[in-house]
Amino acid sequence: MPRRRTQTLQLLMALGLALFPFFAGDYWLHTGIICLFYIMMASSWNLLAGYTGQVSFAHAAFAGVGAYVSGLAAIHFHLPPLLGALLGMAVAAFLGLLLGVLCIRMGGIYLSLTTLAFSEMLRIIIDNEYEFTRGTMGLSVPFILPVYSKTTAYFLMGAVTVAVLCVIRSIVRSDLGTAFRAVQNDETAAASLGIHVVKVRLAAFVISSTMAGLAGALYGHYHQLITPEILSLNLMFFVLAIAVIGGMGTFVGPIVGAIFLEFLSEYIRIYGQFHVLLFGLIALAVCRFAPQGLMGLWQRRMRALSS
Amino acid sequence: MAFLEVQNVVKRFGGLVAVAGVSFEIEPGRIVGLIGPNGAGKTTLFNLIAGTFPCDEGAIRFCGEDLTRSRPYHVCRKGIARTFQIARPFHEMTCYENVVVGLIGRDGFRGETEARRRRVEELLEFVGLKDFMHTEARHLNLIQKKLLEIARALATRPKLVLLDEVLGGLNTGEILKALDLIRAIRDRFGVTILWIEHVMGALMQVVERLLVLDRGRLLCEGEPAAVVKDPRVIEAYLGEADD
Amino acid sequence: MVWKKVVTVPVILGLCLAGFLPAHAAETIKIGVVGPRTGPAAATGAAFEEGIALALDVINGEQGGVLGKKVEVVFEDTGGTPEKAASGFEKLITKDQVVVTVGESHSSCALAEVPIADRYKHPLIIAEAWADEITAKNSRYVFRAGPCNSGVVKDNLLGFVKDYGFKRVAIVAENTDWGLGIKKLAEDGLKAMGVEFMTVETERQSQDHYTELNKIAAFQPDLVLAFIYGFGVHYFIAQANETGLFPKKALILEGAGPPSLWPEFWQNVGDAGNLELFLSRMHSKVDFNPVSKKFREAYTKKFGKEPTDYKSRSVYDVLLIAADALRRAGSTDSEKVVDALEKTNLEVGSGVVQFGLEKGDYRYHQWQPPMLIVQWQNKEQVVVYPMSVKTGELKK
Amino acid sequence: MQDLLLYCTNGLLLGVIYALSALGVSLIVGIMNVINFSHGELYVLAGYFSALFARALGLPVLAGAGLAVAVVFLFGLLVERTLIRNTYGNDMASLIITFVLSIVLQNAYLLIFGPYPQKPPNWVDGSTRLFGLFYYGNQRLAALGAGAVVIAVLFLVVKKTWFGKTVRAVAQDREMAAMVGVNPDGVNMLSFALGCALAAAAGVILAPIFPVTPTVSVGVSLTAFIVVVLGGMGSLGGCVIGGLILGLVQNLGSAYVSSGYKHFFGFFILLLVLTVRPTGLFGRKQL
C-alpha cells in the first residue's frame, strides 16, 4: 500500500478510536474496553508464541497474577490502583523470570506443559486461600480511577494499549526482535551464529508475562471484580484464538483478531453458549487452511492485486 | 599453541559410536578438506567442534582456549562459524536479516547503523546475493541458500569456518564459481577453512591438506595428492562402492 | 475490485453503527432475569425458564400486564461465573434497558451484581443465592426473596439435628464461597449446641471422594451434612454407599437442595440414593397457600409433569414480586420501584413476602421463605422436617 | 497405621487408573512428537457413546463399550488425516490445533449432550471388603482389572508384534524407516488413532465410576500430561510408574495436608521433577 494512504488510514483510525466514546453507548464502550484488554493480551502472547515459537499456556495466569497482586494491594495496603498495576506488573515479571528459568531450557512441549501446570497451580491456590483471595466468589477491588467513568477508563486503557503496542513494535523491529525470529525459525542455526537461544527466549517470556500482568491488573480494576476465571483455560483459549485467527507472527494480526472476535461475540450473543464453539471452529479452519491467519489472507490478496 | 586442536574426541549415540577417538590439528590460514565415506562421522565431528553436541570424551582447543564443553553460541563468539549439510537459512526472514543475525550474534544487540548496513551489503555482494537482499530466504534456490549461509557465517567475523558440503548438486560452471568463492573467503577475510565435501575432483583443486575419516576414525591425513593414493583410503572408498 | 469496496465498506460501517444506536421507545416493559443457562448448573437455568413462562402467563394473562403494557422477560446467562454474570447484568441494564432484574442462583454471581445494581441504581431481586453477604452489604437496590445461609442453618439444619437427636455430625463442604460460608455457620451452630462435629473440605469438581469419606468414617458420625453443589454431591453419595458409610452408619443431608432433584440424580447414585435427605422449598403434598397450589396446577397443565426442581417456583415468585412492585410504584422509575418493594406485602408461592427494613446485617431487604427437609424413601419424597408439616417418618 | 495403608491402597489403585488414562498421550507423543491436547475429549466421547449404546440401543454394557472404542478409533483416523497430518515437524502447530480441537469438542458436547453427566450402567454392583479393613466399590475393582489388562496388552503389542516393531522404528528414525519400505504416514495415522482408542478405552472403563460431562475432559487431559511428563515422554513403562506416583501423592497429600489442594500436589511434583530431571523420571529423549 502506498505510504500516503497508510498514513491517512492510520489517522482516520486514530480519530475514530478517539471519538468512539462520544457516540457509542455505555454498552459498546464496555465492549471497546474489553477489546483493548484482549488486544494487549493477544499482542503480548503473540510476541512470545508468534515471534519466538514458544506456546505458553500461562499467559492468562500472568494476567491473573497482575490482577490479584494489584487488587490485594489495593484492599490490604490501600495502594492506588495505578500504582498497584505497576506492582502487579513487577510481580508478574518476577514470576515469569522464575518460571522461565525453570522451563525454558527444556523448550517446546515441555514449556507448554509446565506453563499449563503453573497456571493450574495458581488457580488452585486462589480457590483455596479463600480467606485471602475470596476464592471463586471473586475479589471486589476499587475502580481504576478515583471516580467511576467508563469514558476515562477507555482513554486510560487505550493509552496503555497504545504504549504496549509501541513497545512490542519497537522490540520486533530491534535486534532483539530479529533474534526472536531467528530462534523461532531455526534455533540450531541461530545458536551457531552466536545467539544465546535460552537468554533470547527468556527475554521474550519475561517481557510478554510482564505485559500480561499489566493488562490483567487494569482489567481487574476496570471490572472491580477479580475471579479465578481470569486464570482459566477459557480466557487462554480466547487469547490464543485471537492471535491464531488474526495471524500469528504479525504485528497487526492480534489487533485485527481481537476486534473481529470481540465484536463478533457481541453480535452473536443471543446464541450465548455457542459462540465459543463458533470461535473454535473458525480457529480450527484458520489453523488448517490459512495458517497465517486473516493477515496472511489479506497480504496474499494485496499481493495478488498488485501483481 | 595450535590454532585448532582436536584431541581424541569420542561421540556415542546409544550403542553406535559415531566418532571413535579422532585427533588432529589445523594451522591457521589453510584450506583443509575433510572426506570420508557416508556415515564416517564427518558431520558429527563438525557438530562436536561447533558445540551442537557435547563430546563424550576428548578435548577441543581453539587458539589456546578450551572449547570442549562450550555451547554453540559461545563457540561462535570465539570465532568458529559453520554452515550446514542441508542448508538452514532462516526461511521466513530476508537475506538481509539472515546476515544481520550473524552480526548481532557476534557483537550483541547494537542496533542498525550505517556501517552495519554497508557491511551486510558487502557480504551479500561478496557471495553474489545482492539482488536478493530483500527476498525471504525460502524463495531462494538450493545454491543461493548455501551462499546465504556462507555470508551469514562470515558475518560473525570468524577465524575458522566449517563448510559442510557446498558443492552438491552444482554443475561444472557453478562449481568453478564456488571454488573461486572459497578461495576468496580465505584470501579476502583471512579465514581458515575446514571443508567436508563429496565432489572430490573439485575439492582437490583447492585444499592444501586432506583429512580422511572412516567409521569414526581418522584414517590418514596429509598432502591431497599423497592421501588419495593411500591404499587404505582407496579401500575405504571401494568398500563403500561395494555396499 | 474498487466497486466491491465501495459497497462493502459502508455496509460494514452501517452494521457497526446499527449496534451503537440506542433501542427505540419500548412497547413492552422489560424485566431482566439472570441465571445459569450454561455451565455445571445449567439445570437451574432450565427450571428458571419454566418458572418464567408460568409467571408471564399470570402477569400478562389474568393480571393484564403492568402499567398498561405487556411484560417481556430478557433472560441473561451467567454461566455460573461472576465475570459473565457482571457483564451480562450490565448488558441487561445498558443495552436491553430492563427496569428491574430478578433471579440468580450463585452467590458469587449475585455478589458481583450488587455493585452494578448500586452503580446504575437498578433494583435487583435475588431468588436463590444464599450468601449472607449479599443483603449484608445493605444496598438500597438489592432485595432477596429467598433463603440465606444463616436462615437455612438456624431455622432448618440445626433444628433438624436437635429435634431428631443426632449426636455426631460430619460436615463436608466444597471449597467455594458458598460451601465454606455455610460450613462456618453450621460449625458455629453445632458448637453452641454442644454437638460433636468434624469438617472436611473437598473440591467441587472432584469426582473421587474416597479419601474424604475415609476421614469421615473414622469419625463415626450419625449424620453427614454435605454442602456440595452440583454433580459432586451425587458422586459423594454413591461413594459413601460403596464405602459402607451411608445409609448403614450415617444419614446424609445434602444442604444445597436441587442436585437431589435433578434428572441425573438416580442415574448417578443408583440405589444408593434411597434415604438421602435434602433441603427444598417445595413439595407436591405441601401447599403453603393458594398461590403455591395454583403454581403446581399450572405447572402440571403446562408441562405435563409434577414440578421437580423448586427453583422454577423461586423465580416465579420473584417475578410476581417485581410485577407487583411496578404496579404499586405506578412507574418504572427505579427509586419509586425500590420504595414500592420495601412496602411489599404480597402472597407468593412460598408465603407472604415482607422485606426486612432494619439496616445493619443480612436481614435488611431479606425475606426468608420456609424450607423443608425431604427424604427420598423408595423414590418418593417424604417431608420429615419441620415437624409441623411432615408427611412421613424419618427412616434410618 | 490403618489409615496410611488405606490411603496407599487407594493411591495405588487410582494410580493404575491414571496410568490407563495417560497411555494414549504417551503413545502418540512417543511416536509422533505430538501432544494430543484433545485426549480428554476423546475419553469423554467414548464415555458418552458407551452410555448411549447401553441405554438407548440396549446393548450389553461391554459390547457398547467395545463399539464406543471402535467409533473413537475411526474418529481418530479422521482427525489425523484432516488436521494433524500437515503439522508434522511443527510441534507448536500440532499443539495449537489439538488445543483448539479440544475446545471445539467440549462445546460441541455441551450442545449435543448438555451439561449433565452421562453414566453407563455399572458392570458389577456392591462392594468388597479389602484386607478386612475397608470397603471398596466392586466397579472400581473391575475397572482396575480392566485397566491392568489394557496396559498389559499394549505392552505386548508394542514389544512383541510386527506392528510394534514398525512403530518403534518410525519413532526412532523416520527417514530410515521410510527407506526400508515402511510408510510413515500410514504408521502415524494408525498410531494416532490407536492413541485415541486408548483414550477411549480409559473412557469406557472409567465412565461408570466417574460419569462424563463436557468439562471433565480438562481434568483428564491434565492428569494424563502430568503422568506422561513424570514418567518421561514416550516411555510406556514410565507412564505406569508416573501414574502410581501421582495416585500416591494425591491421596497422601489430600489425606494429610489438605483435600482442597488435591490436584495441586500432582502439578507440584511435576514441577519438582522437571527442575531436577527435565526429561522426566524415565525419559529417553528430549523433545
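User: What makes a run of residues a helix or a strand here?

Analyst: Helices are DSSP runs of H or I with at least four residues, and strands are runs of E with at least two, both numbered from the N terminus. Strand β1 of chain B covers residues 4-13, and Asn8(B) sits in it. This is a predicted model, where local features need pLDDT of at least 70, side-chain atom pairs count only at pLDDT 80 or more, and totals for chains, interfaces and linings use all residues. Residues are numbered from 1 along each chain as its sequence is written, chains are lettered from A and ligands numbered from 1 in the order written, and side-chain values use heavy atoms, without hydrogens and water.

User: Why is Asn8(B) called partly exposed?

Analyst: Its relative accessible area is 42%. Buried means under 20%, exposed over 50%, partly exposed in between (1.4 Å probe, protein chains only). So Asn8(B) is partly exposed. Asn8(B) is not a glycine, yet has a positive phi of about 55°.

User: Why does Arg215(B) count as exposed?

Analyst: Arg215(B) has 69% relative accessibility, so it counts as exposed. Arg215(B) lies in the loop between β9 (209-214) and β10 (217-222) of chain B. Its phi, near 45°, is positive too.

User: What makes a set of residues a nonpolar core?

Analyst: The members are buried Ala, Val, Leu, Ile, Met, Phe, Trp, Tyr and Cys residues joined through side-chain atoms within 4.5 Å. The largest such core has 257 residues, and Phe57(A) and Trp195(B) are among those with the most contacts inside it. Helix α2 (residues 26-52) of chain A gives the largest share, 18 residues.
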